[in-house]
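I am opening my notebook on a new structure.

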Amino acid sequence: MKYLYTTLFSLFFSLSLIAQSSNLSGKITDLNSGEELISATVRSGSNGTVTDFNGTYILQLPAGEHIIEVSYVGYETMSKTIQITNENAILDFALNDGANILNTATVSSSKFEKSLGETTVSLDVLDASIVENTGATNVNQSLKKVSGVSIIGGQANIRGGSGWSYGAGSRVMLLVDDIPALQADAGFPNWVDLPVENIANIEVVKGAASALYGSSAMNGIINIRTAYATSKPFTRISTFATVYDQPANDSISWWKDEGNFYDYDDDNNRTDTLNFKPSFLGGRPGQNRPGKFGFSVAHRQKFGKTDLVLSAYGLNSQSYRENTYS
């Protein structure tokens with residue numbers, strides 16, 4: 001009989017404990033976009049959980065006052081105080097972007113993401129704003145802004161090291177989002193293939209990194225990291241143009257411009273008709289003033305859990321050197 005009383009008491013005591021615990025649930029979202037945050041950490045003391053694919057969480061807590069703390073990478077940590085009774089409660093959080101307190105993250109020096117201040121090698125990060133403000137049509141034009149880096153004959157040279165070796169290819173590894181971008185046959189960097197309109201930043205490792213990236217990285221690494229969609233849609237459209245002036249020595253001017261945009265007939269006789277259409281805009285090569293024209297378009301946007309990144313780039317260039325164009 002004694003054991004029966006003990007069993008019944010234990011059963012009632014357990015039911016009483018269960019009745020005093022309640023479920024706290026809610027949703028964790030981005031304050032600006034309202035997007036659900038996946039795998040955000042929610043905890044109260046020693047109790048904790050993470051949000052699911054819909055940004056919701058369920059946390060079982062005993063009755064009483066609790067401080068609920070929510071944290072997520074890239075967002076400011078937020079906490080609220082709630083009084084838990086015997087009934088289920090709902091508590092939502094909207095986290096604010098905390099990117100301003102994060103350090104610049106790099107991946108080139110160790111193949112995994114770490115703070116720039118924690119790297120043990122000489123590494124420079126070229127921000128996307130520098131690429132945009134320089135008006136560069138190719139990535140190699142922006143790399144000239146990095147100290148110790150020079151572009152000679154289309155090859156990157158870091159701190160005076162050899163940029164290219166015949167039969168072996170480039171001594172500076174070129175990467176796009178950690179993927180090698182050197183030509184497969186000659187190991188030559190083709191700068192015009194790189195997406196200058198959609199760059200997040202460019203990491204430049206000054207020094208040998210062949211232990212991680214092979215013999216092509218004996219002189220350093222140039223890693224171009226492309227931009228991804230953010231909570232706020234981003235769109236940029238830009239155009240650029242260049243027109244070369246008439247040289248002081250008319251004998252070296254291969255185009256028949258005579259200082260003005262005149263049109264010419266099939267026999268190369270001037271028609272005295274002004275033609276403001278240089279060759280790069282469809283004028284006859286060799287007849288109109290040379291120059292270049294181009295455009296770039298970039299759009300990045302989130303649709304729920306789907307990222308959309310679109311970009312386009314075009315360049316038509318007629319050099320001041322005869323029969324040189326692209």
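This is a predicted model: local features need pLDDT of at least 70, side-chain atom pairs count only at pLDDT 80 or more; totals for chains, interfaces and linings use all residues.

**One serine in a strand**

I began with Ser317, which I found in strand β24, spanning residues 306-318.

Is Ser317 buried or exposed? I looked up its relative accessible area, which is 11%. Buried means under 20%, so Ser317 counts as buried.

Which residues touch Ser317, apart from neighbours within four places in sequence? I found contacts with Gly291, Lys292, Tyr325 and Ser326.

**An open sheet**

Next I traced a sheet. It is open and has 5 strands, in the order β11-β18-β19-β16-β17. The pairing is mixed. I reminded myself that strands of a sheet pair through backbone hydrogen bonds, either parallel or antiparallel.

I then checked the edges. β11 and β17 (179-180) stand there. Each has a single partner strand, so one side of each lacks a neighbour in the sheet.

How do β11 and β18 run? They are antiparallel, and 5 bridges join them.

**Two nonpolar cores**

Last, I looked up the largest nonpolar core, which has 29 residues. Val139, Leu143, Trp191, Ile202, Val204, Ile221 and Ile222 touch the most other members. Elements giving two or more residues include α3 (139-143), β12 (149-152) and β13 (155-158). The strands β11, β16, β18 and β19 are also among them.

Which element gives the most to this core? I found that β16 does, with 5 residues.

I also noted a second, separate core of 17 residues. Val42, Leu61, Ile82 and Phe93 are among its members.

Technical notes. Residues are numbered from 1 along each chain as its sequence is written. Side-chain values use heavy atoms; hydrogens and water are left out. A nonpolar core is a set of buried Ala, Val, Leu, Ile, Met, Phe, Trp, Tyr and Cys residues joined through side-chain atoms within 4.5 Å. Buried means under 20% relative accessible area, exposed over 50%, partly exposed in between (1.4 Å probe, protein chains only). Helices (H or I, at least four residues) and strands (E, at least two) are DSSP runs, numbered from the N terminus. Two strands pair if DSSP finds at least two bridges between them. Contact means heavy atoms within 4.5 Å.
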